Amino acid sequence: NLGWWYFNDNDPRTAVSYFRAGVQLNDVESMVSLSRFLLEGRYVPKDESEGIRLLAEAEKYDHPTAIKAMHKFREQQRMNSLGVAIFATVLGEILKRAD
């Protein structure tokens, strides 16, 4: 991955351009690498939806890092949904008792 060579040579902007080029060529390693920068907002504007999209695409190719990251993301989404449901239930009970 030429992008990491540039990154390690302290040229992250050039690295990102190589990752983007790799993504255009459907290079799975580039998808995972660029997603990392997008999710963290390092050297590029933070774009969580694009970062997740790239990871999901790489996951289709059975990339182990992408599989692990998407599993973690889905688990966080599930926990967030559960938290919202619990909050709504508790709030609903408080409002019922307030009436």
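The model is a prediction, so local features need pLDDT of at least 70, side-chain atom pairs count only at pLDDT 80 or more, and totals for chains, interfaces and linings use all residues. Residues are numbered from 1 along each chain as its sequence is written, and side-chain values use heavy atoms, with hydrogens and water left out.

The protein has five helices and zero strands. Along the sequence, the pattern reads α-α-α-α-α. Helices (H or I, at least four residues) and strands (E, at least two) are DSSP runs, numbered from the N terminus. The radius of gyration is 19 Å, well over the 13 Å that the globule rule gives for 99 residues, so the protein is more spread out than a compact globule. This radius is taken over C-alpha atoms, and the globule rule is 2.2 Å times the number of residues to the power 0.38. Along the principal axes, the C-alpha atoms fill a box of roughly 65 × 25 × 20 Å. Of the 99 residues, 27% count as buried. Buried means under 20% relative accessible area, exposed over 50%, and partly exposed in between (1.4 Å probe, protein chains only). Among contacts with a separation of 6 or more, 33% come from residues 24 or more positions apart. Contact means heavy atoms within 4.5 Å.

Two helix pairs are described next. Helix H2 (residues 12-24) and helix H3 (residues 28-40) cross at roughly 130 degrees, and their axes come within 8 Å. Axes are lines fitted to C-alpha atoms, for helices over the stretch in contact, and angles run from 0 to 180 degrees between N-to-C directions. H2 and H3 are therefore oblique to each other. Angles under 35 degrees count as roughly parallel, over 145 as roughly antiparallel, 65 to 115 as roughly perpendicular and the rest as oblique. The crossing of H2 and H3 is left-handed. A crossing has this hand if the near helix is turned anticlockwise from the far one by less than a right angle; clockwise makes it right-handed. From H2, Val16, Tyr18, Phe19, Arg20, Gly22 and Val23 meet Ser30, Met31, Ser33, Leu34, Phe37 and Leu38 of H3. The residues of this contact divide into eight nonpolar, three polar and one charged. Here Ala, Val, Leu, Ile, Met, Phe, Trp, Tyr, Cys and Pro count as nonpolar, Asp, Glu, Lys and Arg as charged, and the others, Gly among them, as polar.

Helix H4 (residues 48-60) packs with helix H5 (residues 64-98) at an angle of about 125 degrees, with the axes 8 Å apart. That makes H4 oblique to H5. The crossing of H4 and H5 is left-handed. In H4, Ile52, Leu55, Ala56, Ala58 and Glu59 meet Ala66, Ile67, Ala69, Met70, Phe73 and Arg74 in H5. By class, the contact of H4 with H5 has nine nonpolar, no polar and two charged residues.

His63 sits in the loop between H4 and H5. His63 is buried, with a relative accessible area of 10%. Leaving aside neighbours within four places in sequence, His63 is in contact with Val28, Glu29, Val32 and Ala58. Asn10 lies in the loop between helix H1 (2-8) and H2. Asn10 is not a glycine, yet has a positive phi of about 60 degrees. Asn10 is exposed, with a relative accessible area of 72%. Tyr43 is in the loop between H3 and H4. Phi of Tyr43 is near 70 degrees, a positive value in a residue other than glycine. Tyr43 is partly exposed, at 36% relative accessible area.
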